[in-house]
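Dear colleague,

I am passing on the structure below, and my notes on it follow. Please read them with the model open beside you.

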Amino acid sequence: MSSSLISVLTVTTPGGETPPPPITEGKRRGLLDAVSVIPDPRDPHGVRYPLAALLTVAVCAVLAGATSFTAIADWLYDLDEADQRRLGFTRGVPAGTTLWRLLIRLDATVISKVLAGWLHTRMQPVTARPRRYRTVIAVDGKTLRGARLPGSRQTHLLSALDTGIVLAQVTVDTKSNEIPAFTPLLDAVEAVLGSLTDVLFVADALHTQTGHAEQITSRGAHLLLQAKGNQPTLFAQLKAVPWAQIPVGDRTRERGHGRKETRTVKAVTLHTPGGIAFPHAQQAVRITRTPNHRRQGQPRDRLPGHIPAGRRRPTR
């Protein structure tokens, strides 16, 4: 046998039997090309730094942890001269104030739409989907830490998340709530996906609104919501469903943090007299969570030498 390890690795390494994953159109187009479609608000006369290069630097710097315009400029200064020229900075690099004056003039909605569309094209296409496969998009709101609007008001966003990628997000008016922002969010998601047919949206109890159901149904999509106290009539009707006569669809048991927990799921198609006080309601699902806490006085597992909080070893 040859003493060379290269020959051994050549024999034992699997060959290229598995074809490589297909290259999507988004992978052919880099971030620099994707942001080049964003309109430039500057006067074309005297433009020294290309907009696509500035936006690429801003996105990459934020992904690297930059939280201010100064940090974005520092990230650009730390690049090698060759990398700066590849981005398009052939006449030096801009100052931090130049980045600030430009970025605050851009339309955040347009930038978000372009970036979301580019990220979506970089997802691997699903070639063979199961028969009952559905695209599930979670809708949720969040308040951005450190971001302020005029008047020191916090920025609140309503986002649509699909497999770890934010497809779209809209800014919630400070004088309103997430409910009026739901329709603009659907418009933004539809612009990215092209169609919402058979897409399943999941949201919290705040969005259990009849208007949302009408919007979703008119676009050919589906909506899975929670019924709580904000819809008392609907909650009472769902509670009156004869759940005891419905068989259990799934039951899971988990153990952790000193307790056992059992989750039971029942689902039923709604065929009640007079219907349900919610438009286009087709199915109801009840999830019952039964915790089994640790008994009082049962010793808690702990490492040797550990002293529980509130108790101290007596001193001598």
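Predicted model: local features only at pLDDT ≥ 70, side-chain atom pairs only at ≥ 80, totals over all residues.

Which residue in E7 stands opposite Glu 254? The residue opposite Glu 254 in E7 is Glu 261.

Residues are numbered from 1 along each chain as its sequence is written, and side-chain values use heavy atoms, with hydrogens and water left out.

The strands E6 and E7

Strand E6 (residues 250-256) pairs with E7 in the antiparallel sense, over seven bridges, where pairing requires that DSSP finds at least two bridges between two strands. The hairpin that E6 and E7 form has two residues between the strands, and in it His 257 takes a positive phi near 60 degrees.

Salt bridges

A salt bridge is taken as a side-chain nitrogen of Lys or Arg within 4 Å of a carboxyl oxygen of Asp or Glu, and by this rule the count comes to eight. Glu 261 has a relative accessible area of 9% and is therefore buried, the classes being buried under 20% relative accessible area, exposed over 50% and partly exposed in between (1.4 Å probe, protein chains only). The side chain of Glu 261 meets that of Arg 263 in a salt bridge (2.8 Å, N to O), and Arg 263, with a relative accessible area of 30%, is partly exposed. A salt bridge also joins the side chains of Glu 261 and Arg 289 (2.8 Å, N to O). Because Glu 261 lies in strand E7 and Arg 289 in strand E8, this pair ties together parts that are 28 residues apart in sequence. Through shared partners, salt bridges join Glu 254, Glu 261, Arg 263 and Arg 289 into one network.

Elsewhere, Asp 187 forms a salt bridge with Arg 219, with the closest N and O atoms 2.7 Å apart. Asp 187 lies in helix H9 (residues 182-193) and Arg 219 in the loop between H10 and E5, so the pair ties together parts that are 32 residues apart in sequence. Asp 187 is partly exposed, at 40% relative accessible area, whereas Arg 219 is buried, at 15%. Leaving aside residues up to four places away in sequence, Arg 219 touches Thr 183, Leu 186, Asp 187, Glu 190, Leu 196 and Thr 197, a contact being heavy atoms within 4.5 Å.

His 120

His 120 lies in helix H8 (residues 108-121) and, at 25% relative accessibility, counts as partly exposed. With residues up to four places away in sequence again not counted, His 120 touches Leu 167, Val 192 and Leu 193. The C-alpha atoms of His 120 and Val 166 are separated by 8.8 Å, although these residues are 46 apart along the chain.

Terms used: Helix = DSSP H or I, 4+ residues; strand = E, 2+ residues; numbered from the N terminus.
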